[in-house]
Amino acid sequence: VITFTVPGIYTITLTVTNDGGSDDITKDDYIVIGTGSQITIEQGWNHISVPKGVSEDFGTVSDLFAGIETGGIPYAVFNNAENEWVNITEDYPVQPLEALRVWKADPGSIIITPDYVKGGIFTRNLSQGWNGIGIMFMQPTPASVALASLGDAWNKTLMFNPLTQRWEYPIIRGVDDDKFMYPTVGYLIEMNTDGILIGGE
C-alpha cells in the first residue's frame, strides 16, 4: 500500500520480479491526488499560472479562460521589465512561469482543468524589483525548492487570495521559505537583483 500525502499528479512505475526475470511498466500522470492540476477562478481578481506547458486547446488566454465572464476587463500579464501589469490580447500564448491576471465578473467559481503536455525546460527573466511568476511543480512545494534557481536573488514572494481579494502574508527568503508555494497560482516576487527562474523536466 502506497499513501500519497501531498496533492499533485504522479507518474507511477510497477516492477515485477521473479526467477524468470524482471519487467516494468510506467504510466505517466496516472494518479491525481487533490486538485493541484486544476485552476479555480473566483469572482473578482484572479492571479494564475500554469505548472506545465498546455495543449493547443488551452494555448491562448482566451482558450484557457473560455466561459469566464470578464465584464470587458482585459486579461493581463505581469511585465517584469516594467514592474507592472500590462493588458494582453486574447491570442496571448499561455506559458509556464508567467503570472496572468483575469477578472471574473459574475458570482461563483469556475474550475479549469487544462490538458498539460509533458517535457520542456522553461525560463523566465526576472528584473530587480517586483516580478510575476508561477512555479513548475504539480504539487505544493517549499519556496526554497521552487525558487532554488534564483539563489539569494529574491527577498519575498506574495500570493493574492481570490476568495478574500487580499494579498496573503509574504514568504520571506531565509525566514519562512519552507512554506509551500502552490501550482496554478500567479505570484509576485521581489528581486534584489536580476535573475533567471528555471522550471521543467
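User: In this predicted model, is Lys156 buried, partly exposed or exposed?

Analyst: The relative accessible area computed for Lys156 in this predicted model is 26%. Because buried means under 20% and exposed means over 50%, a residue with the value of Lys156 is classed as partly exposed.

User: Which residue does the side chain of Lys156 meet in a salt bridge, and in which strand does that partner lie?

Analyst: The side chain of Lys156 meets that of Glu190 in a salt bridge, with an N to O distance of 3.1 Å. Lys156 belongs to strand E14, residues 154–161, so the pair ties together parts that are 34 residues apart in sequence. The partner is therefore Glu190, and its strand, covering residues 187–191, is E18.

User: Of Lys104 and Asp106, whose side chains meet in a salt bridge, which one is buried?

Analyst: The two side chains come together at 3.2 Å, N to O. Asp106 has a relative accessible area of 31% and is partly exposed. Lys104 has a relative accessibility of 1%, and because the cut-off for buried is under 20%, the buried residue is Lys104.

User: What is the N to O distance in the salt bridge between Lys179 and Asp176, and which of these residues is buried?

Analyst: The side chains of Lys179 and Asp176 meet at an N to O distance of 3.3 Å. Lys179, at 39% relative accessibility, counts as partly exposed, whereas the residue that counts as buried, at 12%, is Asp176.

User: How many salt bridges are counted in the model?

Analyst: The pairs described above, including Lys179 with Asp176 and Glu190 with Lys156, belong to this count. A pair qualifies when a side-chain nitrogen of Lys or Arg is within 4 Å of a carboxyl oxygen of Asp or Glu, and by this rule the number of salt bridges is 5.

Terms used: Residues numbered from 1 in each chain as written. Predicted model: local features only at pLDDT ≥ 70, side-chain atom pairs only at ≥ 80, totals over all residues. Heavy atoms only, no water. Buried < 20%, exposed > 50% of the residue type's maximum accessible area, 1.4 Å probe, protein only. Helix = DSSP H or I, 4+ residues; strand = E, 2+ residues; numbered from the N terminus.
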